[in-house]
Structure formats: structure tokens, C-alpha cells
Amino acid sequence: MQKFCRIALAVSLSLGLSVSAIAFEKPHTPEELPVLMPESQHATASKRITARFTRAHYKKVTIDDALSGEVFDRYIKQLDYARNVFLATDIDGFQKHRSEFDLVLTRGKLDVAYDIYNLNMQRRLERYEYALSLLAVKGDKSPFDFTKEEVYSFDREKAPWPASEADLDELWRLKVKSDVLNLTLTKKKWPKIKEVLTKRYNYAIKRLKQSESEDAFQLLMNSFARVVEPHTSYLSPRNAERFQVDMNLSLEGIGAELRSIEDYTVIHRIVTGGPADKSKQLKAKDKIVGVAQGEKDFEDVIGWRLDDVVELIKGSKGTTVRLQILSGDDEANIKVVSIVRDIIKLEDRAAKSEVYLENPKDADSKKLGVITIPSFYNNLSKDVKKEIATLKEKGVEGIIVDLRGNGGGSLPEATLLTGLFIDKGPVVQIRDGANRIQVQSDRDGVSYFDGPLTVMVDRYSASASEIFSAAIQDYGRGVIIGEHTFGKGTVQQHRGLGRVYDLYEKPLGSIQYTIAKFYRINGGSTQHRGVLPDIAFPTAIDPEDWGESKEENALPWDQIQKAKYTPLNELNTDIDYLTSLYQQRIKENPEFNYLLEDISIYQAEKDDKTISLNLATRKAERETRKSKRLVRVNEQLALLGKDKITNLDDLSDELDDLDPFLDEAARITFDFISLGKIAKK
């Protein structure tokens, strides 16, 4: 139950791809591009994928003209998301094939899809050639005028297709100008900027020339899969192997999950306990723009394929990789982070606990236990049982279970974890495609902690995290605090496409598809809606703009008959009381006021999909952000009794341990303790 299909940087080998800065030697020609064609195994794979989806998927899949059109639209969108490669005339020419994609899938007649893919490669080659031509100027002066009031639109998903090549040229002129400006803000001079971008665009062309038949097939099959349902996917043989590696308990690498966003490789999540986490130098949304092995020179990886960046970063235990990082908060400054690769063990990501004191200066302070659970791994419940015993020995009066960022994992462990806090009873219901309902229950008749319980969740809490949170909420066993959860209430199965009797030279890959849905014991699905917290923290993200509800073709929310269970407590009145105390507190809480200020700024700016190409404007914006940041940092340092700083570069790690959400959750839990609630048997 992984929240996202992902590539974990945790594999054993290290491979460095050296790409030298290529000068403008000679123009590339379309003849240099490979002409991709389906391989012998692809027709069979397409037929098997279609058969599996139509016969075994939880969602009833019908292959018809309507689905054909959806797959066609998704395929074109995947090929040209920003609508800056194809011309409107290209799209018009493709329309005659719109109703043919059902035959493409069911009969394995893939030629039409490959023809579109090949034209896309040709158009991309033309665009990068144009980008290179803009850089091909003599002298040490940039050809771009950054005093003009121009803007670059970085989100063109819904923009019209360019009507002419001149329109395409203008879009790419602004794109190249934006690239030049970003490097200018890092204090690079034109000769160096020209070198970096020339290398970047030439590498993009090199990638085009290295395209393989499997690339087109994977894009087509995933266009089909995602039209069916967002957690359904096709994995190429290479990705299928990587998927299996990701399921192992012992992995080697830096411990970070990456995603490709436009031209950037972006850190999606830091794996708790891994080398990247221990370095304290990387965080989600950081962009990796350069990679170096040990003390070797950096490779500029902007515009690279995610697979290729992964190959550079992964490596064996004890080796060093250096990363050039553009911070998600400040894209003007590049920092270098050096990380020693290590074995990422399951134990490094195990649940852990700590004692939280109501008043750290008071020896007789009331105590809480905080149990942090990064994922629902095998034997989680046994680890948490030990942590509960340790906390009880230390005299805690209540427990916080922290599930923030927990994307799920083992379904049985979600049931077993819930059983530690209830005497017995149903935990989750599962309905398969044949409408058969299975109820998973805790049956041991033992509760390992019956005191006040709160559960912290956020928008990244998904799947098994939602099963546990929903059960605790439905029983009235504890109070759920935080953000609206992700809303993934589906079960996936992974199955290879190969057969023992196949004689193909290359393997057929595998698929992952949905076979069941989760339901709360109250009958409602966790799918789409997720779990709504009893006490909600401020958030900039509207639930409708995040998580499963934002995914195209997501299975809908529905409900079944509720399971037979008896609530342990009726907490509605208590929650109203706790909420009133919480709301009064945060009015005077500086950290929450900072958060509300950030939310206000985000809401005001979120719909603006453009960025200024005026150098003075960008510098002024940057300085304004830095000034505001410096004021805030000094206010936070003052509250901690620390000396002020005059430059953000002088900031050490004093503020890294601040967790205002945990602090407020603790205050809510202490309020809850004062009500004297104990779980009924």
C-alpha cells in the first residue's frame, strides 16, 4: 500500500554517466533520431494487460470508443504536458486516430501510437535546436534583455496548442530566457551560463537519440492504466526489477525518494533513518541540479531522465556522493551536500518513542508518550507494544501516535496496531471486485494502553495510516489531530506479465492494479475522502486540491453496511471543549501566526502560473523574502533565548527541532488527560 509508485534511491551499484560540455559543432538532424517500432513482445504484453484489466480489476473496465478517446487524450498529454512541443496542426492530424486506441490495446496494433511518439521526438529535437540557436551568439554578453517586463508561463496544461512555428519559437524563447535568468541569479556570468545551458540542451537531445521502443510502450500502457485508475500502472522490465528491490528490507543508497517535475529531479520524501535524513541537509521539494562521485566533477542533471539521475546517485555502502541542491525555498542559491551512502535497514525506520514533558523545568511535570511511526512495516505492532511498555514504565499519562508522512504499508499491521489500543473488535472491512466483504478484527481481548490517546495525521498520511486513524475515530478511542488525510482506500496487486513458455528475447514487465477497497467499520470508505481530523490544524492546501480527490479517474467514495462494533466513548462534547481551548491558544501562538501568514501568501499567489523575467524585479522579490525570513528567524531565536543573527547564512540548527504541531498536539492531549477518559472494555 504505497502512496505513490516511487523510485527509492537505495540500490547497490553506482553508475556515473559523464556528459561533457558540447560546443555548437553541427546541427542535429531528424535522421539522427531512432525510428521507434514495437518489439515482438509488446503486442503480447498489450493483449495481456488489457485482459487483466478487463477481467480482474476492481473497477469494471469496458474497452470501447469512450475509453479509446480517454487513452488518446492521456497519451497526448503525457507526450506534451506543457503544450510547447506539438503544433495545433499536429493535434488535428492525430484526431483521426482517437477512436482507434481500443484496437491498439486489445489487438496489440501499436503502430499508430509509435508514429505519434516518433513525431514528438522530432518536434522536441526541433525545439532544442532552436534553444541552442538562441545561445549561439559571440562575445561575453547575454543576448537577453532582463530590463523588459516579460513573464514566463510555467504551467500551460490548459493553454491552446501553438498555431505556428513562430508561436512555438516565442514560447521557447521565454523558456530559455527564464533558464538564463535563473542562472544569472546564482551570480554566474554569461560564458558560464552559455556553457551550462548548452550542455543541458545537448544532453536532452542525447536522451532523445537514446530513446528505446520500451519508452514508447511504457508511456502508452501507463496512459491506459491511469485512465482506468490512478494506482494502476505498467512497469517496464527495468522498473519492475526496481520495484522488487524497493520491497526489500535492506537497501543501499542515500535514502531519498525522487520525482521528476518538468526539467528538475525533486526530492519527494526523505526516508527516515537513512543517510539523507541523518545529514539534516536535505528536505522535500529540494531540487537536485548536479551530482558528483566523491571528489570528481559535478554532472549538471537538469533535464535528465529520472532513471539516469538515480543511476548517478545510487551506490554501495561507504561511497560518497555530492549533490548540488537548489532549495525549495530559495532557488537562487546552490548548496553542495556530501552524503556517504549506507545500508538502509528496516530497523532504521522502525517506530520510536520519546517522553514529552508538560513543563521541562519541573521535575514533577506531567508526561506524555510520543510514538512516531514512519510506515506500517512487518512486525510494527510488536515494536510499538515494546514502546508502550517502556512509556508506561516511565509514568506517561497519555500517548500521541504520530502518523505524519506515513504513506501506509502492511494491512495486517494496521489491524494489529489498532488492537493494541482496543480490547477487541473489527478494525477494517475489505470489499473485492465480486462484492465479497471481509472483516479484519482484533481478537486477543487485551488492550495494552487504555489511557488518553491522540493521533497526529497530515495530508501525506495514507492507506494503512487511514485505516488505523479511522478505527480509533469510529470507536471514540482517541482524538484525531492534524490535516485531512490523503484518501487512498484501495488495495493493489503486483503481477508479472511473463509466462514460462514465452520465447521472447526481452522480458514483458509487470502490472500493478487495484483489486479491492477499504471501508471503515462505520461503513464509509477511506477512499477519496480520507479521514477528517477531529481537531484540524491550519493548512494552505484545500482537500479538494490534494490527495486522492485530485487524482483523475480515482474510484469514488461509497459506503457499505457498518460492521458490528460498540463505540468505547462518545467524544463529540469533549472534542468541542478541546477545540475551544486549542483555538484560543493558537491566537497567541507565534508559530501558528507564521503559518497563517504563509497560508495567506500562498492563497494569494497560487493561481499565478507566471514568473517575471525582469532581473530587478526578481532580485527585489528575493531580497524581500530574505528580509522577511530574517525577521521571523530572529523572532524565533528570541523566544528561545538565543542571540539574533544579521545574515541567514549564520543560522545554525537551533530552529530545526521546532515542531509547533507536535507541541500543540501535546497541549491538546494534556487537556484530554484532564477529562479522565479511559477506554472501555
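**Helix H16**

I began with helix H16, residues 590-605: its 16 residues should span 22 Å at 1.5 Å a residue, and the end C-alpha atoms are 23 Å apart, which agrees. For the expected span I took 1.5 Å times one less than the number of residues. Helices (H or I, at least four residues) and strands (E, at least two) are DSSP runs, numbered from the N terminus.

This is a predicted model, so I kept in mind that local features need pLDDT of at least 70 and side-chain atom pairs pLDDT 80 or more, while totals for chains, interfaces and linings use all residues. Residues are numbered from 1 along each chain as its sequence is written, and side-chain values use heavy atoms, with hydrogens and water left out.

Next I asked which residues of H16 are buried. I found Glu591, Phe592, Tyr594 and Ile599. Seen down the axis, the buried residues of H16 fall within an arc of 150°, so they line one face of the helix. Buried means under 20% relative accessible area, exposed over 50%, and partly exposed in between (1.4 Å probe, protein chains only). The arc is that of the directions from the helix axis to the C-beta atoms.

On the face turned away from the buried side I noted the exposed residues Ala604 and Glu605. The cover over the buried residues of H16 includes helix H15 (572-586), helix H17 (615-639) and helix H18 (660-674); contact here means heavy atoms within 4.5 Å. At the start of H16, I saw a side-chain oxygen of Asn589 within 2.9 Å of the backbone nitrogen of Glu591. That is a polar contact (a pair of N or O atoms within 3.5 Å; within protein, one must be able to donate a hydrogen and the other to accept it, and residues adjacent in sequence count only if both atoms are side-chain atoms).

**Helix H12**

I then turned to helix H12, residues 380-393, where 14 residues reach 20 Å from first C-alpha to last, close to the 20 Å expected. Its buried residues are Leu380, Ser381, Val384, Glu387, Ile388 and Leu391. They cover an arc of only 115° around the axis, which puts them on the same side of H12. On the other side I listed Lys382, Lys386 and Glu393 as exposed. The buried residues pack against strands S12 (352-357), S13 (367-372) and S14 (398-402) and against helix H13 (411-419). Just after H12, Gly395 takes a positive phi of about 85°.

**Cores**

Which residues touch the most other members of the largest nonpolar core? Of its 67 residues, they are Ile49, Tyr75, Phe101, Ile116 and Val180. Helix H5 (residues 111-135) gives the largest share of this core, 13 residues. Apart from this core lies another, of 35 residues, including Leu391, Leu411, Phe421 and Val428. A nonpolar core is a set of buried Ala, Val, Leu, Ile, Met, Phe, Trp, Tyr and Cys residues joined through side-chain atoms within 4.5 Å.

I also checked Val180: not counting residues up to four places away in sequence, Val180 touches Leu135, Ser142, Phe144, Phe146, Trp190, Ile193 and Leu197.

**Aromatic rings**

I got 15 aromatic pairs. In one of them, the rings of Tyr128 and Trp172 have centres 5.3 Å apart and planes at 85°, so the pair is edge-to-face. Tyr128 lies in helix H5 and Trp172 in helix H6 (residues 165-184), so the pair ties together parts that are 44 residues apart in sequence. Both Tyr128 and Trp172 are buried. Rings of Phe, Tyr and Trp (its six-membered ring) pair if their centres lie within 6.5 Å; planes under 30 degrees apart count as stacked, over 60 as edge-to-face and the rest as tilted. I also noted one aromatic cluster, made by Phe537, Tyr582, Phe592 and Phe661.

**Loops**

Asn435 lies in the loop between strand S15 (425-432) and strand S16 (437-442), and at 54% relative accessibility Asn435 counts as exposed. Most residues other than glycine have a negative phi.

Last, I looked at Gly274, in the loop between strand S6 (264-270) and helix H10 (275-279). Gly274 is buried, with a relative accessible area of 1%.
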